Structures are given as C-alpha cells and as structure tokens.
Amino acid sequence: MADAIQAGLWGLVAGSALLIGAALGYGIRVPQKVVASVMAFGAGVLISAVSFELVGEAYDQAGLGPTAVGTLIGALAYTGGNIWLARHGARHRKRSGHTADESQPSEAEQGGSGTALALGALLDGVPESAVIGVSLLDGGAVSLVTVAAVFISNVPEGLSSSAGMKKASRTRGYVFGVWSAIAAASTVSAVLGYTVIGSFSPAVIAAVTAVAAGAILAMLADTMIPEAFEDAHLAIGLITVSGFLVSFALSHA
C-alpha cells in the first residue's frame, strides 16, 4: 500500500506541471518563440526518456519481440484515438492558436469540441503517468528520470494548450477544470500502473511499458513537435537536442 501511495504522489507531482503550464499560458501572453522553445526542450526530454527509460528497459526485460509489438500497439491505439478526437474538434489541442488555420475551435464553432479537448488531454497524459507507477516495480524506487521527464514536458503542454483554449474563448473554469482533472487522472494512472501491471509477468510488464512508449512517441510526433517547429527560430533543433541530453544525463547519473 505504501508503494501504491508513493506511485500516486509521484504521478500527482508530474501531473501538477500541467497546472503550472496552464497558469502561465492562460494568465500571461507568452511569445510564440518562447512557447516553441519550451515545447522543443520538452520534446527532446521525452524522446530521450522513451528511448532509454522505456524502450531500453523493455528490451532488457523481454527482448525485441514484446518490445516491438508493444510499441506498435501503443502507437496504433494512440493514433486511433487521436483520429476520432480530431474529427470532434481536438486536432489542435496542443496548439497555442497563433495561426488561424491551426487554432482550437470554440464550442459555438464545433459542438462537443470542449469534451473532445478534455478527452484528448486525458489520452496524452495517461501513458506518461502509468509508466511512473510501472517504474516503481524495478527495485521499489520510482524512476526520478521518468518523473522529471514527464514533469518537464507537461509544463509546455499545459502552457501551449491553455493559450489555445483561451483564444478559443474557453472559460477560466473550463481550462483549469480540465487540467485539474488530468492531474488527478495522472495520480490514478500512476497507482494503477503499479498495482495492476505489477501482478503480471516480466514479459507482460515490458510489453505494457513499450505500449506506453509507443503512445508517447506518437503523441510527440502528432502534437508537441509540430507546435515546437511551427514558425520557430533557427535554434529550435539545438534546444531539442539540449532537452534530449539533459534527460540522457539524468538517466546515466
């Protein structure tokens, strides 16, 4: 029980970064280049964490087969859910709305888009939080690198998405209600990652870890990276690599 509570607390810590980002994105006008820079850094951090903390660990536990299958399943599941949500108004949920053709729709423009945005945020956040709980299964201590990676990437996610929500005329209550709910869901996901997945065999745990990795990679390619590189400055690639190296250094410290 103590470990399950620990998993939940770490999930809450990582999820709380969404609220920090939301407060910044909704409360102040952040220049687009700053948003792009923070997004790029967060993307680099997550790419490294997925490579070394998730896919690498899954491969060490179960080999190439379960790792490859799990990663593909995660990517397929995320893509399928994302296609459905895109058709209901959540295609640009991570976008800050700085261009008219890539802005989030208001409820008046597309009915049900508010619910779709909330579900999209849930789809993006659950895999990241679940692996925090799973990381506790390896030696009884949470992977601080995974927590740090999710926390760092959640700030720009909340920032950019909340700025877009504000431009789409979403109310303050809606914006912070969504991110508070996702932070709570992150807590539950981390607990379930530890308690439910922990009863499985190492091969299944490895496959589930790979599923999360595939979902996160698909999310990066579909939401975070496009926003980071849209109308970005020339140093954006360097910032992405810097985020990758910071995460890599933490995982090998």
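Mentor: Start with the α2 side of the contact between α2 and α8. A36, S37, A40, F41, G44, V45, I47, S48, A49, F52 and E53 of α2 meet residues of α8 (contact: heavy atoms within 4.5 Å). Their partners in α8 are I236, I239, T240, S242, G243, F244, V246, S247, F248 and S251. The model is predicted, so local features need pLDDT of at least 70 and side-chain atom pairs pLDDT 80 or more, while totals for chains, interfaces and linings use all residues. Numbering runs from 1 along each chain as its sequence is written, and side-chain values use heavy atoms, without hydrogens or water.

Now the geometry. The axes of α2 and α8 are 7 Å apart, and the helices pack at an angle of about 40° (axes are lines fitted to C-alpha atoms over the stretch in contact; angles run from 0 to 180 degrees between N-to-C directions). That makes α2 oblique to α8 (under 35 degrees is roughly parallel, over 145 roughly antiparallel, 65 to 115 roughly perpendicular, the rest oblique). The crossing of α2 and α8 is right-handed (near helix turned clockwise from the far one by less than a right angle; anticlockwise is left-handed). By class, the contact of α2 with α8 holds twelve nonpolar, eight polar and one charged residue (Ala, Val, Leu, Ile, Met, Phe, Trp, Tyr, Cys and Pro are nonpolar; Asp, Glu, Lys and Arg charged; the others, Gly among them, polar).

Compare another pair. The axes of α1 (residues 2-27) and α5 (residues 144-167) come within 6 Å and cross at roughly 30°. That makes α1 roughly parallel to α5. The crossing of α1 and α5 is right-handed. The contact of α1 with α5 has 16 nonpolar, seven polar and two charged residues.

The largest nonpolar core has 25 residues (a core: buried Ala, Val, Leu, Ile, Met, Phe, Trp, Tyr and Cys joined through side-chain atoms within 4.5 Å; buried: under 20% relative accessible area, exposed over 50%, partly exposed in between, with a 1.4 Å probe and protein chains only). L46, L54, I216, L220 and M224 have the most contacts inside this core. At least two of its residues come from each of α2 (32-62), α5, α7 (202-229) and α8 (236-251). The largest share, ten residues, is supplied by α2. Take L54. Beyond four places in sequence, L54 is in contact with A49, V131, T209, A213 and I216.

S186 sits in α6 (residues 172-195). At 4% relative accessibility, S186 counts as buried. S186 touches G11, G15 and S129, leaving out residues up to four places away in sequence. G65 belongs to α3 (residues 64-90). With a relative accessible area of 42%, G65 is partly exposed. G65 and A203 are 138 residues apart in sequence, yet 9.8 Å apart in space, C-alpha to C-alpha.

Finally, the whole chain. The protein chain has eight helices and zero strands (DSSP runs numbered from the N terminus: helices H or I, at least four residues; strands E, at least two). Of its 253 residues, 48% count as buried. Among contacts between residues at least 6 apart in sequence, 85% join residues at least 24 apart.
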